[in-house]
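Happy to go through some aromatic rings with you. Here is the structure to look at as we talk.

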Amino acid sequence: MTKPREGSDDAAVGRPSAGRGLHRRDFLGTALATTVVTAGAAAGCGPAGRPTAAAATTPAGATPPPVAEMMSWIDQVVARGVRRPGYAADGWTTGFVAQKFREFGLVDVHAEPVAVTRWEPERYTLTATPAGAAARDLACFPLPHAAPASRLEAQLASFDAASPSAVAGRAALVDARPLALPPAVPAGLGSAPKDLSRRVYDPAGTFAGETQVLPLASTSDAVTDPAAQAGAVAFIGCLVGYPSGGHRYYFPYNGKPTALPGVWIGAGDGRWLRDQLARGPVRVRLDVATSTAPARSDNVVGDLPGPPGDDELVLIGSHHDAPWASAVEDGSGIAMVLAQARYWSRVPAADRPHRMRFLLQGGHFHGGAGLVDYVAKHGTELAKVVLEVHLEHAARDVAAAGGRLTATGRCVPRWFFTSRIPALESTVYDALVAERLGRSMLLAPDAFGPMPLSDGALYYPAGVPIVQFLSAPWYLFDEADTLDKVDQDSLLPITRAVIRILDATRAMTAAGLRAQRVRPPAQSGSPS
C-alpha cells in the first residue's frame with residue numbers, strides 16, 4: 001500500500017480532533033544495571049502540585065505569559081504539520097519564532113543557516129508470504145535515511161545475537177524493546193548516594209514502584225549494524241513492548257544512511273511473523289522509496305542587553321524541528337523559550353542578570369546539526385557564558401491500558417542536567433522546591449554518557465555551566481505526540497523555576513562558576 005508523502009498536507013499529523021549523532025544513544029548501559037534508587041515522596045503534576053501564592057511571584061516582578069498563550073504557540077506550530085529538517089513546516093516555524101522575538105523587542109534577531117539533508121519517505125510496503133499460505137501486507141514505517149529497497153525479496157530469519165549467522169543472506173527480524181528503568185535511577189548515576197537527598201524532589205512518593213518506559217528501542221542509533229555485520233540483506237525491526245503497539249517511530253535521527261534497508265513494524269505483526277516462522281519458511285518483499293535533497297534548518301537567534309558594563313552572557317535555548325508535528329518534541333520547548341524571551345523583555349535591562357541570548361536551533365533531527373554549527377561559529381564567546389539553560393519536553397505520562405492510551409494524571413519524570421557546581425545545584429533544587437515541581441531530579445551532566453541527552457549537549461564539554469531540562473516520554477519519536485500530551489500544568493511552574501535560576505546568576509560570573517566545579521567521581525572521568 002502506498003503511503004502519503006510525509007511533508008504533504010494529507011500527511012500532516014499531530015492535532016487532536018478538537019560528525020554528528022550527539023546524544024540519546026549509547027547511554028543507558030549502566031543505568032539498567034544500577035541499584036534501584038527510590039525517592040522519599042513526590043508531588044504530582046496536577047493542581048496539588050501547584051505553587052503557593054508566595055512562590056508564584058517571580059524574582060524580577062514581571063509576569064510570565066499565561067498557559068493559554070503558551071499553548072496557542074504550540075498549537076500554531078503543530079498545525080503546520082510534519083516539522084522535519086528541511087520541511088516547509090519547519091521553515092514556517094523559524095519565521096514564527098523570529099517574528100515573536102521581534103514582537104517581544106529582542107535585538108539582532110537573525111537566522112543562521114544550518115545545512116541538513118531533507119528526507120521524505122514516499123512509498124513503503126512490506127509483504128510476508130508464509131510457505132503454503134496467502135501473502136499478508138504488514139504496516140510499517142521506514143528507518144529514517146535508510147537505504148532504499150526496490151522490491152527486495154528474501155527469506156526471513158530471526159536475529160539472535162548468540163547465533164547471528166542465521167540471518168546471512170536473509171531479511172533479519174530484530175526485536176527492539178524500549179528501554180525502561182525506575183524513575184529515580186538517573187539521579188544516582190555519576191553522583192555519590194549521599195547527594196540524593198537534594199537531587200530527587202518527589203515529596204508525594206510517586207516514584208516508588210514505578211517503571212519509566214523511555215523512547216529509545218536501542219542503546220545505539222546504529223540499530224541495523226549487528227544484522228548487517230551478520231550478512232543480512234534487510235532489517236525488520238519489531239517494537240516489542242512499545243506502549244502504543246504501533247510502528248510510526250522516527251529513529252535513528254542522526255541523518256546518516258543506515259547499513260541496511262529497513263522498516264519498523266508493530267508488536268502484533270511481529271508476533272504473527274514469529275508464529276509463521278515456527279511453522280516453516282517465510283518470504284518477505286520490501287519496497288521502500290524515499291527522496292533526499294540538500295536543505296537548511298536555521299538557528300534562530302535574538303538578544304536582550306544586560307546591565308551597563310556587563311559583557312557576560314546567559315543562553316536560553318531549545319530546538320524547533322521535530323520527527324512529526326510533535327507537540328511535546330519540541331513544540332513545548334519552543335513555547336518555554338518564547339515564554340522566557342517575553343518575560344525578560346519586560347524586565348528593564350538594568351534588572352536583568354546579564355546579557356541574554358535566546359536560541360531555537362535547527363537540525364536537531366539531523367544529528368544535532370544546529371547545535372554543532374552554533375558551537376563552532378560562536379566558540380570564542382563561550383568563555384563569557386555564565387550559564388546555558390536548555391528547555392525540552394513538558395510531557396504528560398501516558399500508559400497503555402485495555403488496548404488504549406490513557407493519561408496517568410502525572411507528568412513524565414523531569415530531568416535537570418546540572419553542572420557539578422554546588423551553588424548552581426542548590427539554586428536549581430531550591431527553584432524546584434519553590435515552584436513545587438514534584439517528580440523532578442538533578443542529574444549529573446554525564447549521568448548517561450559523556451554528554452547530557454539534551455540538544456544543548458555540546459556546551460558541557462566546552463566547559464560552559466549548564467542547566468538542561470528534559471523529560472523522556474516513550475512517545476517522543478512517535479506521531480502520537482499530539483497536543484493532549486503537553487503537560488499544561490508544568491508550563492508555568494517550569495517557566496517560573498527557570499526565571500528563578502536565571503535571576504540567581506546576577507550574583508555569578510562565568511569564571512567564578514567554572515572555578516567552583518567539583519570533579520566527578522573517578523569512574524565518570526568527564527568534565528564537570
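Q: Why is Y124 called buried?
A: This is a predicted model, and in it Y124 has a relative accessible area of 1%.

Q: What makes F141 buried?
A: The relative accessible area of F141 is 0%. That is under the 20% cut-off, so F141 counts as buried.

Q: How many aromatic pairs does a search of the whole structure find?
A: The search gives 26 aromatic pairs.

Q: Why is the pair of Y124 and F141 described as edge-to-face?
A: Good one to check by hand! The ring centres are 5.7 Å apart, and rings pair if their centres lie within 6.5 Å.

Q: What makes F235 and W264 an edge-to-face pair?
A: Their centres are 5.7 Å apart, with 90 degrees between the planes. The distance is within 6.5 Å and the angle is over 60, so this pair is edge-to-face. F235 sits in strand β10 and W264 in strand β11, 29 residues apart. Both F235 and W264 are buried.

Q: How do you know that the charged end of K485 sits over the ring of Y475?
A: The charged end of K485 is 5.9 Å from the centre of that ring, and the distance cut-off is within 6 Å. R136 likewise lies over the face of W272, 4.4 Å from the ring centre.

Definitions and conventions
Residues are numbered from 1 along each chain as its sequence is written. This is a predicted model: local features need pLDDT of at least 70, side-chain atom pairs count only at pLDDT 80 or more; totals for chains, interfaces and linings use all residues. Side-chain values use heavy atoms; hydrogens and water are left out. Rings of Phe, Tyr and Trp (its six-membered ring) pair if their centres lie within 6.5 Å; planes under 30 degrees apart count as stacked, over 60 as edge-to-face and the rest as tilted. Buried means under 20% relative accessible area, exposed over 50%, partly exposed in between (1.4 Å probe, protein chains only). Helices (H or I, at least four residues) and strands (E, at least two) are DSSP runs, numbered from the N terminus. A charge sits over a ring if NZ of Lys or CZ of Arg is within 6 Å of the ring centre and within 35 degrees of the ring normal.
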